[in-house]
Amino acid sequence: GTLEGMACSIQPNFNVLRVVYPFALQRLMKNPSGSPVVEKTLQSLICRKDGSVDRRKVEKLLRDASALTGMRRRDVVKDVVSSRRGRQFLRKLGYGELRRLARTSKFFPNG
């Protein structure tokens, strides 16, 4: 788009996705407006076809959010649970599953 073109003319290596993606992931996980479209999108990203949560997909989503924001994964989770919708997301995920994810060194190897 136009804004990306302007940014690239100033900074040739500018990547709009790198700027927008962390914001989009946070909005997706927190869903502050309670949008059913956002909810369905999140479900499609983290669930299997049978509707159960796919642990590997959740790990990837949090890994991506961590890498792109520069936040530790643990801090990404804390940020998500700081909102009412984020807590609803975690209830759907299941606190038991979150505890299992948090206990695995693979999930939080560096915090």
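Reader: Why is Leu 42 called buried?

Author: Its relative accessible area is 2%. Buried means under 20%, exposed over 50% and partly exposed in between, using a 1.4 Å probe and protein chains only, so Leu 42 counts as buried. Keep in mind that this is a predicted model, where local features need pLDDT of at least 70, side-chain atom pairs count only at pLDDT 80 or more, and totals for chains, interfaces and linings use all residues. Residues are numbered from 1 along each chain as its sequence is written, and side-chain values use heavy atoms, with hydrogens and water left out.

Reader: What does Leu 42 touch, not counting residues up to four places away in sequence?

Author: Leu 28, Leu 61 and Phe 89. Contact here means heavy atoms within 4.5 Å. Leu 42 itself sits in helix α3; helices are DSSP runs (H or I, at least four residues), numbered from the N terminus.

Reader: What makes a group of residues a nonpolar core?

Author: They must be buried Ala, Val, Leu, Ile, Met, Phe, Trp, Tyr or Cys residues joined through side-chain atoms within 4.5 Å. The largest one here has 16 residues, and Leu 42 and Phe 89 are among those with the most contacts inside it. Helix α4 (55-69) is one of the elements giving two or more residues, and α4 gives the most, with four.

Reader: How do you know that α3 is roughly perpendicular to α4?

Author: Their axes come within 8 Å and cross at roughly 115°. Roughly perpendicular covers 65 to 115 degrees, while under 35 is roughly parallel, over 145 roughly antiparallel and the rest oblique, so α3 counts as roughly perpendicular to α4. The axes are lines fitted to C-alpha atoms, for helices over the stretch in contact, with angles from 0 to 180 degrees between N-to-C directions.

Reader: Why is the pair Arg 55 and Glu 59 called a salt bridge?

Author: The closest N and O atoms are 3.2 Å apart. A salt bridge needs a side-chain nitrogen of Lys or Arg within 4 Å of a carboxyl oxygen of Asp or Glu, so the pair of Arg 55 and Glu 59 qualifies. The two are four residues apart in helix α4, which means about one helical turn between them.
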